[in-house]
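Thanks for coming, everyone. Please look at the screen while I talk.

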Amino acid sequence: MDPKTLKPTLRREVVARVRTLDPARRAAEQAALAAAFPTLPGLDGAEWVLLYATAFPEEIDTGPFLKWVLDNGRRLVCPGVDLAARRLRLYRIEHPDRDFVPGVLNIPEPRPDCPSVEPRQI
């Protein structure tokens with residue numbers, strides 16, 4: 001299958017599978033992932049952490065990860081779409097509850113007035 005058609009096909013299949021998961025099982029697995037997050041290799045010494053904000057119901061809730069990063073004194077960086085430049089830009093997030101706004105496809109993105117971060121800073 002052509003890679004251009006394979007990706008959307010695989011994405012639809014994965015989303016369909018996630019949506020059929022038992023909600024209790026999914027919540028338990030998500031809690032286990034959140035509990036394991038602090039043990040990821042490299043995270044212990046990381047000053048900067050790059051994450052995304054959850055946009056769709058089939059995605060894992062990144063809220064606990066965002067909170068952990070900030071609660072543990074790390075600098076949190078999230079991507080935002082720069083439509084004019086046709087690229088992603090990185091922004092520092094200090095208050096997830098107010099630093100995100102709906103972006104492209106209603107996906108949460110950092111407010112444009114959040115401090116910009118160059119990838120080489122991370």
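Start with Cys 78, which sits in strand S2. This is a predicted model, so read every position as a prediction. Is Cys 78 buried or exposed? Its relative accessible area is 0%. Buried means under 20%, so Cys 78 counts as buried.

What does Cys 78 touch, leaving aside its neighbours within four places in sequence? The contacts include Leu 50, Leu 51 and Leu 66. Arg 89, Leu 90, Tyr 91 and Ile 93 are also among them. Phe 100 and Pro 110 are on the list too. Take Arg 89 from that list. Cys 78 and Arg 89 are 11 residues apart in sequence. In space, their C-alpha atoms are 8.4 Å apart.

Now Asp 99. You will find Asp 99 in helix H4, residues 96-99. Its relative accessibility is 6%. That is under the 20% cut-off, so Asp 99 is buried as well.

Where does the side chain of Asp 99 reach? It comes to 2.8 Å from the backbone nitrogen of Glu 94. It also makes a polar contact with the side chain of Arg 111, at 2.6 Å. Not counting residues up to four places away in sequence, Asp 99 touches Ile 93, Glu 94, Glu 109, Pro 110, Arg 111 and Cys 114.

On to the pockets. The largest pocket has a volume of about 210 Å³. Its lining is made of 14 residues. Which of them lie nearest the centre? They are Pro 79, Val 81, Ile 107, Pro 108 and Glu 109. Strands S2 (75-82) and S5 (108-110) each give two or more residues to this lining. S2 gives the largest share, 3 residues. By class, the lining has 11 nonpolar residues, 1 polar and 2 charged.

The second largest pocket holds about 160 Å³ of space.

Last, confidence. The mean pLDDT of the protein is 93. For 99% of its residues, pLDDT is 70 or more. Which element has the lowest mean? Helix H1, residues 3-19, at 88. Strand S1, residues 48-50, has the highest, at 97.

Notes: Residues are numbered from 1 along each chain as its sequence is written. This is a predicted model: local features need pLDDT of at least 70, side-chain atom pairs count only at pLDDT 80 or more; totals for chains, interfaces and linings use all residues. Side-chain values use heavy atoms; hydrogens and water are left out. pLDDT is the predictor's confidence in each residue, from 0 to 100. Helices (H or I, at least four residues) and strands (E, at least two) are DSSP runs, numbered from the N terminus. On a 1 Å grid over the protein atoms alone, a cavity is a set of points where a 1.4 Å probe fits but cannot get out, and a pocket is an open set with protein on both sides within 12 Å along at least five of seven lines; lining residues have an atom within 4 Å of a point. Grid points are joined across faces, edges and corners, and a volume is the space filled by probe spheres set on the points. Ala, Val, Leu, Ile, Met, Phe, Trp, Tyr, Cys and Pro count as nonpolar, Asp, Glu, Lys and Arg as charged, and the others, Gly among them, as polar. Buried means under 20% relative accessible area, exposed over 50%, partly exposed in between (1.4 Å probe, protein chains only). A polar contact is a pair of N or O atoms within 3.5 Å; within protein, one must be able to donate a hydrogen and the other to accept it, and residues adjacent in sequence count only if both atoms are side-chain atoms. Contact means heavy atoms within 4.5 Å.
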